[in-house]
Structure formats: structure tokens, C-alpha cells
Amino acid sequence: QGYEGLVEGGDNIKQANWLSVSNIIQLGGTVIGSARCKAFTTRAGRLRAARNLVEHGITNLCVIGGDGSLTGADIFRSEWAGLLEELVQDGQISEEVARKNCRLNIVGLVGSIDNDFCGTDMTIGTDSALHRIMEIVDAITTTAQSHQRTFVLEVMGRHCGYLALVSGLASGADWLFIPESPPEDGWEDLMCERLGE
């Protein structure tokens with residue numbers, strides 16, 4: 001469950017094996033779970049997370065996420081030595097354990113369906129999101145043709161129109177709105193004229 005799992009510990013931290021990752025490649029979303037974690041935004045929460053990691057002898061993290069996750073990882077890394085020092089002072093770990101775990105290595109991977117991170121060809125999540133959108137478009141298109149109706153489909157993307165643009169191109173959409181190119185005044189009439197054609 002992301003940082004929530006780090007803070008809560010217990011059964012949330014367990015070793016993965018081949019069986020843990022078998023037959024999941026075709027699944028969208030995250031198999032290991034994901035959660036917003038208010039506690040991790042506080043030093044007390046990060047202290048609990050550090051304690052749980054040290055308890056399991058984990059000093060390498062692979063953080064997959066967006067802005068919040070990667071910012072959290074950077075803060076956690078910068079505080080690591082201080083967190084261990086505090087755990088020693090509180091008597092939660094020994095100085096020897098702190099020495100053994102003195103370095104926290106983090107690899108950050110951009111996990112976002114928006115595909116809006118500079119320097120990446122395609123962020124983790126974009127491909128499966130596009131795949132799901134196209135499945136929905138295929139299903140809706142049949143219904144739209146059968147009933148001779150126009151359908152409006154809204155896709156996610158926060159401030160980024162990548163998913164809308166690519167799925168619009170792939171599905172042959174008649175009209176498209178993306179945040180990077182807001183519609184000009186009078187777009188309603190132009191859209192009606194185009195759709196009328």
C-alpha cells in the first residue's frame with residue numbers, strides 16, 4: 001500500500017517471490033496496492049516508516065509514483081540519517097543497527113497515466129490506461145452506431161491531454177478537448193457544424 005504500508009508495517013511488508021508476480025502482466029492498476037498516506041507527510045510518520053524498514057533490514061526502496069510519491073522519497077532520503085539518530089536516542093534501535101542501515105538507496109520511477117514527465121518516452125501506467133480507454137471506445141462505438149447517437153467520453157489526465165489526444169487519434173474521434181489547447185470563442189457553433197457534416 002505504498003507509504004501507508006511502510007508506516008503501518010506488519011503484514012504490509014513481506015518478501016515477494018515468483019508466485020507473487022505470476023500472471024499479473026496483463027492487469028491494469030497496481031497489484032501491490034496504492035494509498036494516499038497523510039501520516040508519511042509528517043516526520044512522525046516517516047520515523048515509523050524508518051523503524052519498520054530497519055526492522056526488516058531494508059535499505060533499498062523502489063518508489064513508483066507521481067509528484068507526491070517522488071517528493072516524499074526525496075524528503076525521506078534527506079532525513080534518513082536524522083531519523084536513525086532519533087530512533088537510537090529513543091532506544092528503539094541500537095547504534096550498531098543504525099550503522100548497518102546508515103544508507104538509504106532510492107530508485108524513483110514515474111508512475112503516472114498522464115505521461116507528463118520530462119525525459120521519459122512513456123510513463124508507467126500510460127499504456128495500460130490507453131488500452132482500457134480503447135476497449136471502452138470500441139464498446140461505446142457499437143452502441144452509438146446502433147442507436148445513431150453521439151457519445152461524449154471523458155478520460156483522466158489532470159492538466160495533461162496526452163490520453164485524450166492519443167485515444168482520440170486512435171478512435172477517430174470527431175471532436176477533442178485538451179487542456180493544452182483550450183477551445184476558442186465560438187467553438188460550440190463550429191463543433192455543431194462539423195458534427196452536422
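Author: The structure holds 6 salt bridges, a salt bridge being a side-chain nitrogen of Lys or Arg within 4 Å of a carboxyl oxygen of Asp or Glu. This is a predicted model, in which local features need pLDDT of at least 70 and side-chain atom pairs count only at pLDDT 80 or more, whereas totals for chains, interfaces and linings use all residues. Residues are numbered from 1 along each chain as its sequence is written, and side-chain values use heavy atoms, with hydrogens and water left out.

One of the bridges joins Arg 43 to Glu 86, with the closest N and O atoms 3.2 Å apart. Arg 43 lies in helix α2 (residues 43-56) and Glu 86 in helix α3 (residues 67-89), so the pair ties together parts that are 43 residues apart in sequence; helices here are DSSP runs (H or I, at least four residues), numbered from the N terminus.

The axes of α2 and α3 come within 9 Å and cross at roughly 75°, where axes are lines fitted to C-alpha atoms over the stretch in contact and angles run from 0 to 180 degrees between N-to-C directions. The two helices are therefore roughly perpendicular to each other, the word used for angles of 65 to 115 degrees, while angles under 35 count as roughly parallel, over 145 as roughly antiparallel and the rest as oblique.

Contact means heavy atoms within 4.5 Å, and on the α2 side the residues that make it include Arg 43, Arg 46, Leu 47 and Arg 51, while α3 contributes, among them, Phe 76, Glu 79, Trp 80 and Glu 86. Sorted by class, this contact of α2 with α3 has 11 nonpolar, 1 polar and 5 charged residues; Ala, Val, Leu, Ile, Met, Phe, Trp, Tyr, Cys and Pro count as nonpolar, Asp, Glu, Lys and Arg as charged, and the others, Gly among them, as polar.
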